[in-house]
Amino acid sequence: MKILTAAKIATAIALFAVPVIAQQSLDTLVDRELAQLVSTYKMLHAAPELSHYEARTSAFLAEQLRALGYDVTEHVGKYSRPEWKGYGVVAVMKNGAGPTVVVRSDMDALPVEEKTGLPYASTVKTKNDAGEEVSVMHACGHDVHMTTLLGTAKMLAQLKDQWHGTLVLIGQPAEETIDGARAMLADGLYSKIPKPDYVIALHDSADLETGKISYTPGYAMANSTTVEVTIRGLGGHGSKPESTKDPIVVAAQVIMALQTIVSRENSPLDPAVVTIGSIHGGAKSNIIPDEVKMMLTVRSYKEEVRQHILASIERITKNIAAAAGIPEDRAPIVKASETEYTPALYNDPQLTERVVGSLQKTLGADNVVKLPPVMASEDFGRYSLEQQIPTVLLNLGAVDPAKVAESKRTGKPLPSLHSSLFAPVPEPTLRTGVKAMTTAVLELMKK
Ligand SMILES: [Zn+2]
Ligand SMILES: [Zn+2]
């Protein structure tokens, strides 16, 4: 008799369990998980891995998602360099007919020596591709993104009665080198999963208050291309310039002349940047070297602007070298990188509006702010397949509001993303991140 009663009670609990969970506010569910998420975050923060080497991070993410009931595929991604392994993680949860929604987190860290002094600061050192020892830090907050993804994964597994369709969670490697999304797509990501109806992601922000989300409808982040320029001259003795063609003088003229592309050749209404971030040439004061190497970043929103700038860099560089008398067979080599390129990030305005509407209800209208576009870049735009699939990237505030206020008052800038001092405030940032992503998915997949 006793056993029967217990069984009846268990049945009653089981019958009522789903509606009870459904009625619980998302806040309660997130708060219940928060201590665990904060400890996961600190663990990930202390164990960063460089782009193309996310072996342990991806294995951890895969194991956690599998434990939550997702069907997980590992090692997704094909790079141009065969020595790099693809560490992409794809986790799928099918829940009947309905839309396919992808949520993406990146996983890689940066060669930065952490100086935050936090108890969970990274002390990791490793060798980079050049064989040099470098420190490693999650200085861009991809550890925040992964923890948010895990929290969102748990919420949506618990709230399965509130959504339908195919939910796909992605752990993307190599965002910092902007070739990870491309590698996953090149490895047939969209044939391993149904072609998505929507792809969403978030990135933490180093100047937005924690508790807030920001968004930018339409073009939000620029395209970015790395260009390598080699100016070849005819070297010789520093005392005999007349018998040489000096590539250092040509490089100096090229640097100044390239400034006229944006200022004189480009419409002021089309944002564009040409930055020469690196110049190397020569070894000694009395030697005119044979060549000078420069590295540039070119950014714009429109593809035709990008093409125009790339053509102008080549035209100006080659003609300045010709004017200096450098022979045709020593003409400059101008190479726009195919791998260090990412298209502009476009937030589908309709999708953005829909997601933002749901976030305003969950987080409060004051906590969801619209911001203007920036010229930074992200390879997340790749998932849209040139705007065929609606995508949106939201920004997640990660800074103590008192520090934001102080920075506004004093004009002293806050540590930016990639800074050795960047330190997101874990608890409120993760709470907002998980609430925001769960809300966005529920909106897009609701029954
Ligand atoms: Zn980042
Ligand atoms: Zn970054």
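One cavity of 30 Å³ or more is found in this predicted model, a cavity being a set of points on a 1 Å grid over the protein atoms alone where a 1.4 Å probe fits but cannot get out. Grid points are joined across faces, edges and corners, and a volume is the space filled by probe spheres set on the points. The largest cavity holds about 50 Å³ of space. Its lining, made up of residues with an atom within 4 Å of a point, consists of Val103, Arg104, Ser105, His145, Thr148, Leu149, Thr152, Leu202 and Met437. Two elements, β3 (100-106) and α4 (142-158), each give two or more residues to this lining; helices (H or I, at least four residues) and strands (E, at least two) are DSSP runs numbered from the N terminus. The most is given by α4, with four residues. By class the lining has four nonpolar, four polar and one charged residues, where Ala, Val, Leu, Ile, Met, Phe, Trp, Tyr, Cys and Pro count as nonpolar, Asp, Glu, Lys and Arg as charged, and the others, Gly among them, as polar.

The second largest pocket has a volume of about 330 Å³; a pocket is an open set of points with protein on both sides within 12 Å along at least five of seven lines. Its lining has 15 residues, of which Tyr341, Pro343, Ala344, Glu386 and Gln387 lie nearest the centre. The residues of this lining divide into eight nonpolar, four polar and three charged.

Residues are numbered from 1 along each chain as its sequence is written, while chains are lettered from A and ligands numbered from 1 in the order in which they are written. As the model is predicted, local features need pLDDT of at least 70, side-chain atom pairs count only at pLDDT 80 or more, and totals for chains, interfaces and linings use all residues; side-chain values use heavy atoms, with hydrogens and water left out.

The zinc ion (ligand 1) has Cys140 (SG), His142 (NE2) and His203 (NE2) as protein donors, at 2.0 to 2.3 Å. Donors are N, O and S atoms within 2.8 Å of the metal (3.2 Å for Na, K and Ca); water is not among the atoms, so sites may look incomplete. Along the chain, the donors of the zinc ion (ligand 1) follow the spacing C-x1-H-x60-H. Cys140 coordinates both this ion and the zinc ion (ligand 2), the two ions being 3.1 Å apart. Cys140 is buried, at 6% relative accessibility, and His142 is buried at 0%; buried means under 20% relative accessible area, exposed over 50%, and partly exposed in between (1.4 Å probe, protein chains only).

Five aromatic pairs are counted. Rings of Phe, Tyr and Trp (its six-membered ring) pair if their centres lie within 6.5 Å, and planes under 30 degrees apart count as stacked, over 60 as edge-to-face and the rest as tilted. Tyr41 and Tyr120 form an edge-to-face pair, with 6.0 Å centre to centre and 70° between the planes. Tyr41 lies in helix α2 (residues 26-45) and Tyr120 in the loop between β3 and β4 (125-127), so the pair ties together parts that are 79 residues apart in sequence. Both Tyr41 and Tyr120 are buried. A tilted pair is formed by Tyr219 and Tyr301, at 5.5 Å centre to centre and 55° between the planes. This pair links strand β9 (residues 218-221), which holds Tyr219, to the loop between β14 (291-300) and α8 (303-323), which holds Tyr301, 82 residues apart. Tyr219 is partly exposed, with a relative accessible area of 35%, whereas Tyr301 is buried at 10% relative accessibility. Ring pairs link Tyr219, Tyr301 and Tyr346 into a cluster.

Leu359, in helix α9 (residues 349-363), is buried at 0% relative accessibility. Beyond its neighbours within four places in sequence, Leu359 is in contact (heavy atoms within 4.5 Å) with Ile213, Gly364, Val368, Leu394, Ala436 and Thr439. Ser420 is located in the loop between α10 (401-410) and α11 (426-445) and is buried at 18% relative accessibility.

The protein chain has 11 helices and 18 strands. Of its 447 residues, 50% are buried.
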